[in-house]
Amino acid sequence: MKKNRVLWIIALIIVNSGWYAVSQQSASQEINRPGADFSGAREAKIVAFVGDSSDFEIEHCFTSINGAVHNASIRVELDSKVLYEWSGDTDDGCVTYSSESDEGTIVIFTEMEDGAESKTTLSTWPLKNALIPGMIIFSLGTLLVAYLETLVRVVIKKKIEKIDAMAIETTTEEVTPTNSIWQDPVRPN
């Protein structure tokens, strides 16, 4: 019995480790990238599976095509509220900004001079807030399966015992002697 409990504890660890790995995955959206059509304003969604806010990270890189230094800027807004703003030039390299925001549609405004390219990526973690509720649900589900398995084993054992008892009762009824002088011949089994 102790071996069975150890196996269920291992199952709990595996299920919750799997949920942890899934909940920490990010969803990335390309806003602008070299070689694609540039857009000065792009919309993106911030979604939270649990709660009404979610973490997000925006990474932007501005590079010069012709070797000159060009000015660039980026602004992230949610319902006309500025979440992030950056101004610089193509020599600043890649910049990463992380924050938390309410759910909704954000607009990413990108401005740059001709001769520059932009690579902007938005990453969100929609399941990160669901880590604890998910662990509770998966743990309860695993324990429910464990106890249902035990219950099913007991029910099956009782059914088998009942079928065996009925078979023994049937064979004893067949063996009872009859009162007539004629009877069927006894055949070896």
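**Entry 1: what kind of model**

Before anything else, I wrote down that this is a predicted model.

**Entry 2: the sheet**

I started with the strands. How many strands does the open sheet have, and in what order do they come? I found four, running S2-S7-S4-S5, and the pairing is antiparallel. Next I looked for the edges. Strand S2, residues 41–46, sits at one edge, and strand S5, residues 81–89, is the other edge strand. Each of these two pairs on one side only. I also looked up the twist, which averages 15° from one strand to the next.

A reminder to myself on what holds such things together: strands of a sheet pair through backbone hydrogen bonds, either parallel or antiparallel.

**Entry 3: S4 against S7**

Then I picked out one pair. Strand S4 covers residues 71–78 and strand S7 covers residues 104–112. How many bridges link S4 and S7? I got seven, with the two strands antiparallel.

Is Glu77 buried or exposed? I noted it as buried, because its relative accessibility is 16% and the cut-off for buried is under 20%. Arg75 comes out at 23%, so I put it down as partly exposed.

**Entry 4: the salt bridge count**

**Entry 5: Glu30 and Arg33**

The side chains of Glu30 and Arg33 form a salt bridge, at 3.0 Å from N to O. Glu30 has 53% relative accessibility, so it counts as exposed; the cut-off is over 50%. Arg33 has 42%, so I listed it as partly exposed.

**Entry 6: a pair in helix H2**

Where do Glu149 and Arg153 lie? I found both in helix H2, which spans residues 131–175. They are four residues apart, about one turn of the helix. Glu149 has a relative accessible area of 22%, so I marked it partly exposed. Arg153 has 56%, so I marked it exposed.

Methods. Residues are numbered from 1 along each chain as its sequence is written. This is a predicted model: local features need pLDDT of at least 70, side-chain atom pairs count only at pLDDT 80 or more; totals for chains, interfaces and linings use all residues. Side-chain values use heavy atoms; hydrogens and water are left out. Two strands pair if DSSP finds at least two bridges between them. Axes are lines fitted to C-alpha atoms, for helices over the stretch in contact, and angles run from 0 to 180 degrees between N-to-C directions. A salt bridge is a side-chain nitrogen of Lys or Arg within 4 Å of a carboxyl oxygen of Asp or Glu. Buried means under 20% relative accessible area, exposed over 50%, partly exposed in between (1.4 Å probe, protein chains only).
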